[in-house]
Amino acid sequence: MPFLVCDETRFAQAAVDELIETVTERGRLVALHGPAGVGKSHLANLAIREMARRGALISHKFSPPDIRVEAAESLPEIPWPSVATKRGDASPRRLLVCEDLQLAARHESVQQAIVSWLDECRSTGVDCVVTMNRTPGDVSGLITRLRNRLRAGVCAAMPLPGVTSREKLLQHFCVHTQFPIPASVSQLLARRLALSPRELLGVLRRFDEFTRRRDWPLNSQTAMSFLKTEILPRPVTLEEIARAVSREFGVKLADVRSDARDTTLKTARQCAMYLARELTRGPFAQIGEYFEHRSHSTVMHACRRIEELLVEDAGLRQRIATIKQSFGNTSSTDR
């Protein structure tokens, strides 16, 4: 399905287009960052397809499930004969792609190897596209050298789409799935579902199946019934919230519940308490009991602290939104 450029992804699309269309002696880097499902992989694959079509050599397209190893020598090999040989005018262009780079955090040997790759690529004219779920500055566990290399490239944000873009995306998906819905229905779904494009497409397919199974008309009343019976989030447990926070911050569940005072763990723990209160509306004492018998005042302090940080910390706001999104909660991310 063609990628629809919305306001939120216009800069990222332009950055990838620039990489494809222009040739430079020194390698360039584009870092696409945003939550899951917003189209980062789509743009990375666009670069692969277009540059391959123009005769470029494409590196092994890897992601940290492949590279999350203790020994850097286990990294996949770059398939071109010699990266160290400077590219001449007659030599083909080359592209290195790495997805989900944030999963390499806390694996220093892997990160050191990636730094060496990026340095070599820059000096030999190899272009790079990397994808991440957050900005380089917001990924906990990245070594300074790698963070600096990423910041030196073009960092293009790909946030969740706003209401207007969601409506455009739904109509775009309707055309390509041959499931036409009235404008009133797409407007309703766009307002109620602050989701990624990938999730919107999944919802649209479920809505199609929902209406066919019941033979109901495609109108706003049917859409509301669909939302209430199929989409509204189920109640979540404290452990599910704590696990989601541990995944987002790249730490262990036990550490989120522990007394560890590491800054990252402390912030993750306070976020978990804040989200527990937001998503369950449970009493402070009950939440504190789950987090290793902490007092209700500790939970209250954590909630106030996160509320203060959310005012000024865009990265933390995105993290909270991503976690809420994983539970189908959209109230705080709608625009």
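1. In this predicted model, α8 and α9 are roughly perpendicular to each other, because their angle of about 110° falls in the range of 65 to 115 degrees that counts as such. The axes of the two helices, α8 and α9 (residues 220–231), lie 11 Å apart.

2. The α8 side of this contact consists of Val203, Arg206, Phe207, Phe210, Thr211, Arg213 and Arg214. Facing them from α9 are Thr222, Ala223, Ser225, Phe226, Thr229, Glu230 and Ile231. By class, the contact of α8 with α9 has six nonpolar, four polar and four charged residues.

3. Next, the empty space. Rolling a probe the size of a water molecule over the atoms shows where such space is left. The largest pocket comes out at a volume of about 1,200 Å³. Its lining takes in 50 residues, and those closest to the centre of the pocket are Pro35, Ala36, Gly37, Lys40 and Arg198. Two or more lining residues come from each of α2 (40–53), α6 (163–177), α8 (197–214), α10 and α15 (314–326).

4. What is the make-up of the lining of the largest pocket by class? There are 21 nonpolar, 16 polar and 13 charged residues in this lining.

5. How many cavities of 30 Å³ or more does a search of the whole structure find? The search finds one. The largest cavity holds about 50 Å³ of space, and its lining is made up of Phe62, Leu96, Cys98, Leu101, Ile114, Trp117, Leu118, Cys128 and Val130. In this lining, nine residues are nonpolar, with no polar and no charged residues.

6. As for where the cavity lining comes from, β3 (94–98), α4 (108–124) and β4 (127–132) each contribute at least two residues. The largest share belongs to α4, with three residues.

7. The last point concerns Val251, in the loop between α10 (238–249) and α11 (253–257). Is this residue buried or exposed? Val251 has a relative accessible area of 12%, and therefore counts as buried, the cut-off being under 20%.

8. Which residues are in contact with Val251, leaving aside its neighbours within four places in sequence? They are Arg106, Ser246, Val256, Thr264, Leu265 and Ala268.

Note on methods. Residues are numbered from 1 along each chain as its sequence is written. This is a predicted model: local features need pLDDT of at least 70, side-chain atom pairs count only at pLDDT 80 or more; totals for chains, interfaces and linings use all residues. Side-chain values use heavy atoms; hydrogens and water are left out. Helices (H or I, at least four residues) and strands (E, at least two) are DSSP runs, numbered from the N terminus. Buried means under 20% relative accessible area, exposed over 50%, partly exposed in between (1.4 Å probe, protein chains only). Contact means heavy atoms within 4.5 Å. On a 1 Å grid over the protein atoms alone, a cavity is a set of points where a 1.4 Å probe fits but cannot get out, and a pocket is an open set with protein on both sides within 12 Å along at least five of seven lines; lining residues have an atom within 4 Å of a point. Grid points are joined across faces, edges and corners, and a volume is the space filled by probe spheres set on the points. Ala, Val, Leu, Ile, Met, Phe, Trp, Tyr, Cys and Pro count as nonpolar, Asp, Glu, Lys and Arg as charged, and the others, Gly among them, as polar. Axes are lines fitted to C-alpha atoms, for helices over the stretch in contact, and angles run from 0 to 180 degrees between N-to-C directions. Angles under 35 degrees count as roughly parallel, over 145 as roughly antiparallel, 65 to 115 as roughly perpendicular and the rest as oblique.
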